[in-house]
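Please look over the sequence and the coordinates before reading on. The paragraphs below are meant to be read beside them.

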Amino acid sequence: MGVPGPFPGTPGRPDAPVLDREEVDRALDRLGAEYEAIETSLLALQDHAGRRLLEGADLSGTTKERWAAAERNITVLWSLFDAYTAALEQARELRERRRWPSAEDLAELTELLHGDGVTVPGAAAAGGGPESGPARLSERFSLVGLVERMNGLYASSLDVIVAADAVWSALPARIDLLSAELQRTRSLAHSVGVRPGEHPAGDDLERITEELLRLRARVIEDPLAFWVSSSTGSSAPGGGRPDTGRYDRAARALEDIRREVAAVLDVRQDAERRLMQLRDVLSRADRTLTEARQARGEVLAKIAASEVPAVSGPSAALHEQLAAAADYRRRAQWHRLSPLLDSLEEEAEDELQRARESLTAVTAPLAVRAELRGRLDAYRAKVARHGMAADPLLIERYDLARRMLWSAPCDLRVAEQAVWRYQQATAEALAAPQAEGRGES
């Protein structure tokens, strides 16, 4: 509803100039157009979907208070419009009496069009609200002032209707969609054991369900509690946006749960393969430890004066956890299986590495003996290539070193010294012909 432009003269003042015929006709045309706009706006307000929803809703809180005031204002609006209509009709009838109005007619028309000649009841004049101040029996308005009062009441009433309708159009449908998604997630979560009291995500699903129920009920009964007015200071009705903060938090929480349930589903789909891999890793660790224990017995029997570390048995705790993981899989307790598999995979790899290190540690003396044997045979082959295999000293030192390395138990320290002495004798024997050759020359 627009406010008419200013008219010539000063409304309500006895010394205001009298309008001539053309000015009267222009004023009536302008007021007639204003009348059409006001009537169209009031009928649109009457038929607004948001208004019908507000009338039929069981409201509370801010919305109940503001809608009660808006209903009073709408009632006042029609009263003011009736007064405006009657005043305009009176002015039109007076103008239509004569084609060329007399001076008395023009004076009366000027008063009707610009003067404060429209009387309305006090409640209507005050805007229908108790906060408008002391009640008066009646108040007089000019047609322009009456339009201004109607514009204010219309804007405040429309603001309530548009805001409530915007919230109802935006939030309940989104809440319903999120609730449907929550039900699908809940069904999927239950299928993998994510239930209230058994898994934190199950408890979170219950909290989100209750929050959405409370949120929807509150939105329906008090939509204006979820309306954020425009920060730009715009006076246009409905300037603002629905407050989706609570909905957004619930949506983010549900998305977190969906990701967690998806992770549990991945565990279900991949559980057998991971369990088989775990069994294989632990089996290899057990075999390696068995080999280490056997090697330790061999070392103790064949190597003398050597410190051989003890070898522990298989990890009973890991095998118990593996059995528990298999039981979780059989009972479809995927939410418990998921973290257990994660920890077991890391611990099983550590166990295999420990077994390998244990085998390396206990077989180290055998590796030293093998290295000494290899070195002894390599030097003997070198002696044979130089035609010194029959050298008595070399034969004696080789036989001594060989007996030590191939006897049980073998004293590695003594055997290493024997091999070293054979190396020294070999080096000296190989160097002697070269020295003789240099002396003859």
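This is a predicted model: local features need pLDDT of at least 70, side-chain atom pairs count only at pLDDT 80 or more; totals for chains, interfaces and linings use all residues.

Residues are numbered from 1 along each chain as its sequence is written, and side-chain values use heavy atoms, with hydrogens and water left out.

The chain contains 13 helices and 6 strands, these being DSSP runs numbered from the N terminus (H or I of at least four residues for helices, E of at least two for strands). Of its 441 residues, 38% are buried, where buried means under 20% relative accessible area, exposed means over 50%, and partly exposed lies in between (1.4 Å probe, protein chains only). The chain exposes about 23,600 Å², of which carbon and sulfur atoms supply 51%; accessible areas come from the Shrake-Rupley method with a 1.4 Å probe, and for residues only the protein chains shown count as cover. Among contacts in the chain with a separation of 6 or more, 75% are accounted for by residues 24 or more positions apart, a contact being heavy atoms within 4.5 Å.

Two packed helices are described by the angle between their axes and the distance between the axes. Axes here are lines fitted to C-alpha atoms, for helices over the stretch in contact, and angles run from 0 to 180 degrees between N-to-C directions. Helix H6 (residues 143-191) packs with helix H8 (residues 245-302) at an angle of about 25°, their axes being 10 Å apart, and H6 and H8 are therefore roughly parallel to each other (angles under 35 degrees count as roughly parallel, over 145 as roughly antiparallel, 65 to 115 as roughly perpendicular and the rest as oblique). The residues that make this contact include Leu171, Ile175 and Leu178 of H6 together with Leu254, Ile257 and Val261 of H8. By class, the contact of H6 with H8 has 13 nonpolar, 2 polar and 5 charged residues, with Ala, Val, Leu, Ile, Met, Phe, Trp, Tyr, Cys and Pro counted as nonpolar, Asp, Glu, Lys and Arg as charged, and the others, Gly among them, as polar.

In the second pair, helix H9 (residues 316-330) and helix H10 (residues 334-362) pack at an angle of about 150°, with their axes 10 Å apart, and H9 and H10 are therefore roughly antiparallel to each other. Their contact is made by residues including Leu318, Leu322 and Tyr328 of H9 and Trp334, Leu337 and Leu341 of H10. The contact of H9 with H10 divides into 11 nonpolar, 2 polar and 4 charged residues.

Isoleucine 161 lies in helix H6 and, at 0% relative accessibility, counts as buried; not counting residues up to four places away in sequence, isoleucine 161 touches Leu45, His48, Gly50, Arg51, Leu54, Trp67 and Ile74. Arginine 279, found in helix H8, counts as partly exposed at 36% relative accessibility. With the sequence neighbours up to four places away again left out, arginine 279 touches Glu272, Leu322 and Ala326, and its C-alpha atom is separated by 9.0 Å from that of alanine 348, 69 residues apart along the chain.

Finally, the peptide bond from alanine 408 to proline 409 is cis, with omega near -5°, and proline 409 lies in the loop between helix H12 (392-405) and strand E6 (410-411).
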